[in-house]
Amino acid sequence: MSENKLMKNSVITTSLSRELTAAEISEIEHEISLYPDKRAVGLEALKIVQRHQGWVSDESMRAISNYLDIPVADLEGVATFFNLIYRRPVGKKVILFCDSVSCWVMGCDRIKQKITDQLGIDYGETTSDGEYTLIPVPCLGDCDKAPVMMIGEEMHRHLDEEGIESLFRNAAVNKSGGDS
Amino acid sequence: MSDRPLTKNIDLARGPLSLRDYEAAGGYRGAKSVAGLHPNEVLERVKESGLKGRGGAGFPTGLKWSFVPQGPESEQQKYLVVNADEMEPGTFKDRLLMEGDPHLLIEGMIIAAYTIGANKAFIFLRGEYVLAEKRLARAIAEAKEAGHLGTNLFGTGYDLDIVLHTSAGRYICGEETALLNALEGKRANPRAKPPFPQVSGLWGKPTIVNNVETLCNLPGILANGVEWYQSLGSGGDYGTKMFGVSGRVKKPGCWELPFGVSIREVIEGHAGGMQEGYSLKAFLPGGGSTDFLTPEHLDTPLTYSAIGELGSRLATGTMILLDDKTCPVGMIGNLMRFFAHESCGFCTPCRDGLPWVDAIFRDLECGKGSAKDIAILHDHVGYMGPGKTFCALAPGATAPLGSGLKLFAEEFEQHLVHGACPYL
Amino acid sequence: MAKITVDGQCYEVDPANNLLQECLSQGLDLPYFCWHPCMGSVGACRQCAVKQYRDEDDKTGTLVMACMTPVTDGAILSIEDDQAKAFRAGVIEGLMTSHPHDCPVCEEGGECHLQDMTLMSGHNYRRFDKRKVTHRNQDLGPFLNHEMNRCITCYRCVRFYNDYAGGKDLSAQASHHHTYFGRFEAGTLESEFSGNLAEVCPTGVFTDKPFSEHYARKWDLEAAPAVCTGCAIGCNTSPGERYGSLRRIVNRYHSDINGYFLCDRGRFGAHYVNSDFRLRSAKDSSGMTLSSEEASIAFARDTQKRLIGIGSPRASVEANFALRRLVGEDNFYAGFSDSDYEAMQVLLNSLQDQDFNCPSLKQVESADAVLIIGEDVTNTAPRMALSLRQSVRVAAYELADKARIPQWQDAAVREIAQETRSPLCIFATGATRLDDVATLRLNASREDLLEAAEALFVRLSGDSPHYREGVTGRTMQAVEETYAALLAAKKPLIISGVHAGVEAMRLASNIAKRLAKIRESSCDLVLLAAEHNSVGHALLLEEKNSLGSAFNRLKDEGCDGLIVIENDLYNRAPTSIVQAALKSVDTCIVIDQIETPTARHASLVLPSTSFVESANVLVNYEGRAQLSFQLSPCPESLKPVERWLNVEGSESTESLIRRCSTELAPFSELDKCLPHPSSVVPGAKFPRMSHRASGRTAMNADRNVHEGKQTLDDNSVMSFSMEGIQPLRDATVLGSSWAPQWNSNQSISKFQNEVNGALKQRNSEIHLITRNSHLDYYPSYSRTEGQSDEHKYLLQAVQQIFGSDELSARSKPVQSRMSDCYIAFNVESAKQLGATTGDSIELQDTGVELTLVVRADVPDGVALVYPGSSATGLSVNRFDLPKAAQLSRLDKANSEYGLGVSSLVVDDRVDVEVTTGAIL
């Protein structure tokens, strides 16, 4: 029947997956050995992949889903629930900026403005050189040293505008120094 | 016997004690002492001690444990889970304990797990606490190597395995049933109670979830006895507690103090009083989910009941101070934004109520608020209150909101009248 | 029973339930969203808050969520309490903060549970003036629209789709007030039950896509109680019609059969009635259109000849009965293939045997151990697969009982149960869509499965099975485990069916019979028929009158031709035999709703009515005869089969049914499926139009400004108008449920005796078959073939939910989910043949070419063949396939006329190459 030529048939879509790296697999396997049910490792696997890849792409999502036999939709439900799983590319260093109450009382708004002015990024944005991504984080539990932030795994405490100025000026200098 | 059983080993300058040094300082004495006891005897001691949960709710620990079904008929697989997902705004006590003396927590876990009959224990650690993670991991490895973890602990025939799980950032994981869902690899929505985790918890098995600080109390109780423990503290609460102060004080920090110490002693003594040019306007006594208290309450002893009588809660014991130069509306607004963002999205009042409250505060701060908005805030204090939501997150948010609306009615009014924040 | 007081009124209620369910059972109006009558409570929406008082002295009370609060004896409650009312209004206000003001353009409008509950709560003024949350929607395929901005985050969709129906490609994502319900990426929802989302969603997030293409409000749809024609289950449906076209199918509650849910074949397959595949006028052999009168004259002339009749399992009881009367019982032949007919005899025997009970779907859900032999239930009787998914939860409920967790605490029951499931043992060739909940899978060729089933029977008889050399330990272990599971069960259930074949059905019968003897009470046995009236048709046949014998008769001197009703003979026998038979006679009268290859050979084609244009009685797999009411006036060119046949008494369906019940013993009670005289008020009718039907006076205003006369319906208790008795009085003719304040399908609770109970009045149905025999065991199974040629693959026909059913395969939305005929074998075989998914594979020496789908779980040496549908795409006649064939890969691309295989949903598919699209 000729009309069928025009019929648009639905497609069960499968986006691309990728192979997990040996390092990723060995770390995921270690986690699996710790839990009675390998589906419990979904979040751990997301973190492992993120540690290796910087963020969790759709391809990585498929790869983890296949490896752990967790439906990718469920894995997405978990990945998008937790604040520290990045489903979009982030900079080399993620600035987790505490904007909770103790830091706020201690003037973190001004500090944040300073970072934004200096790096030209707001929350959720990445510097054009791909170096920094700025993300707000709930109370970092270092309230007696407020305002605080975390860059990568490193805590920065007792922040003030001068400190920010020098911290990122140094970073910028280092960067241009490295490039030249 | 130290009067600071939780922090006696902590010296921020030198880092945590190794296993050897920890044992030399009397460590693992508590854990070893349970080897000669039947779990029921340990349970009785913990009940007698009067230890209450330090996570915020203050529920008697021994009583909680006693709900775990025991005996040959019961489910044999049981779990102990440590709630180390410290994320209550203004709370920074568990970090100190874990970074400062990780073996104390492990020893407490051994005692708790032995008592409830759990062979597997999980530490649910906040993902951002990378230093605590490293130190705990190292301590666990040391303890395993020494035979304090693994099989046949202290010759009892009892086995225990501890897994360190790091989360990925969600305040709701501090709610014990949400934490269990997260640990199972699911979205961290809380679960209905009943059934309580003691009956059906992690993977449907009987589970006890205890806070870090709670567990850190156990080695002392077991090693030094109930009498010693009860001699610490006063005012109906026993032992010591981590108390902290943040805000515009001279020496913000966190200290282990006996229950019953006055608020004034903590703020003016340990924290050194307000910074020059600032005076105390109000404070939240135990983290972001507690009702505001004011300077007139400074002489109140820090016990669950005394703070409760003032209409607030001791909760985490970490106080957040509001000074006279800081906008109370802005401070509450900051908390509301936090709660709105951290709502898991499961039940209606929390999921849809908090963002509305948050949006109103944003409008108030930039002078776009209206009297109608203030009325809506008042409505939400009731709408999101205890019993109406699925878990305690939104009711926690109504604590600073409700008390703040009453206490700072004038400041709210000024925001409307000025058409801007009067503190800017 | 417990006594509770609600607003001063005392009620007797079931203490096993929660307060919400019991309030609704008592007919009280208490709003809710996340609770669902058969999915239990999770406490998410907080809408059903009521006040509970400690005792009579307590005047303050506490707010509790009715759905999360168990009934306690002596409980004192208030729905009307001011604080409770204010809170419920507040919940609506919260839900509404981001809900769009798009009711006028929303498909849900007028039957929206959110609208109903909003009005019920009293919330009527929007105070929220902040920014709304908005979402991006996904294209979810041909069945459902996605409009996330309307979402009120009740979590019902994922609870149905994932927890209840076992779907894997929908999830809750993100969090707080950004919570999103969707797929990982846009694409067709894979579950066979996805359409239920349109009914489960309390507002307009998921709506029926084919319906919105030609939309009408619920109140403007004519509705009548109907029975699905998609398979042998007989689900109850409520079709909606306007301006002479069928717009949609929604579920019609039946407590024992479909409950609240349909499968997607049933929901979207009925659109064939509007399609171009329908025969709309009579035609002669030259293809010339005949008027109704000319056709009748031609037919009368032909019936002077000596004709035989071939009936049909997809024609109604009346149609088959009328043909039998016209040609005489000796000349009335089976419309089944000979193998299916043999299988139907086993099925009929099982329905008469006192050792068996044939469970309804509701009973299937409580089976605590199930064995399925060879039948791919998801693709042959999909709604039963959904019930089987519930049966595995029996063990979960037992665990919950022990921990004192009430069954309605849905999340808690699932948590304590984890992976604990009641036994579901599947003996099948290749993966099935129930494998994810199966506790045991025996995956082997058909012959090996039958041998295993025979071994199981021997084991149950107390003997040791003799295993052939080469039988794997895995098989023996599967037999042992199944044996243990069935013996330990309180309520074991054995399932097979016509598609599994007569041997499988005999073995299933033997196993069930042996269990019955061991248990000293009847054993549940389901033998699935293939089509919606297979059982009704079989009951009308003389046993010797197989289709093969009909073909022989056509060669007789004494036979001038045949009448075929609603049947495509190419679906019943090899092409060469059908062609030869049809060529051997001059007269071939085909009466059908749809154009089929058979109809193309006819000397006279007469167009018959679908379930929309006439009433009909269908007998399901249990022997349950159900009346499906006529929905809309019949166009003049169409007639029901029985009226074309013009036999005595066929002036109305009702009179023919009465005649059938007086003339034929198996049908002696058939007239009881007609509305009981006591429910019929003389002179009054039940309206098919709703009491709010609008625009009746304007419907034809483009032609005539005067309101036309309503079509009269003398043959039914229903009328084609809006006047009459509102259906609140009688659920037997409940076309569409509707109650004051309850405009959505949630109004069904008002028609139930209690929540999840039977409808208040009886259904239009009767069980036809009485159990009055104790049959012997069937002879033991032994493999017929010798050692097969190792170069050949055993070919095994498989079914697909979308495509294998003749009628639904002609529905447009279903067609967009259909695939071409395909062949499937495993990765090893694919490597050997150097072939990959999408390649063309030839069955050597047959000329048959099929598209390859590599499926990991197909056993070695076996190739599964899906024959496709004659309706569209590429298809083969499954009776033309040899039992085994050598295969080779063809060096050519797919035919450009095909549908491809991209829309196929199978769990073990191995896609070597990624499909990039399928606009073919």
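1. Contact between chains B and C. In this predicted model the contact takes 30 residues from chain B and 31 residues from chain C, two residues being in contact if their C-beta atoms, placed from the backbone, lie within 7 Å. On the side of chain B that touches chain C, helix H14 (328–342), helix H15 (348–365) and helix H16 (371–383) of chain B each supply at least two residues. Helices here are DSSP runs of H or I with at least four residues and strands are runs of E with at least two, numbered from the N terminus. H15(B) gives the most to this side, with 8 residues. By class, the side of chain B that touches chain C has 15 nonpolar, 9 polar and 6 charged residues. Ala, Val, Leu, Ile, Met, Phe, Trp, Tyr, Cys and Pro count as nonpolar, Asp, Glu, Lys and Arg as charged, and the others, Gly among them, as polar.

2. Contact between chains B and A. Here chain B contributes 38 residues and chain A 33 residues. Two or more residues of the side of chain B that touches chain A come from each of strand S5 (240–246), strand S6 (253–258), strand S8 (318–323) and H14 of chain B. The largest share, 5 residues, is from H14(B). This side of chain B divides into 17 nonpolar, 12 polar and 9 charged residues.

3. Domains of chain C. The assignment gives domain 1 (2–95), domain 2 (353–529) and domain 3 (793–890); the bounds come from an automatic or database domain assignment. The centres of domain 2 and domain 3 of chain C, taken over C-alpha atoms, are separated by 28 Å. Their contact takes 13 residues from domain 2 of chain C and 14 residues from domain 3 of chain C. Helix H12 (residues 377–380) of chain C provides the largest share of the domain 2 side, 3 residues. That side has 3 nonpolar, 8 polar and 2 charged residues.

4. C:Lys892. This residue lies in the segment after strand S38 (887–890) of chain C. C:Lys892 is exposed because 10 other C-beta atoms lie within 10 Å; a residue is exposed at 12 or fewer, buried at 20 or more, and partly exposed in between, with C-beta atoms placed from the backbone.

5. Conventions. Residues are numbered from 1 along each chain as its sequence is written, and chains are lettered from A and ligands numbered from 1 in the order in which they are written. As the model is predicted, local features need pLDDT of at least 70 and side-chain atom pairs count only at pLDDT 80 or more, while totals for chains, interfaces and linings use all residues.
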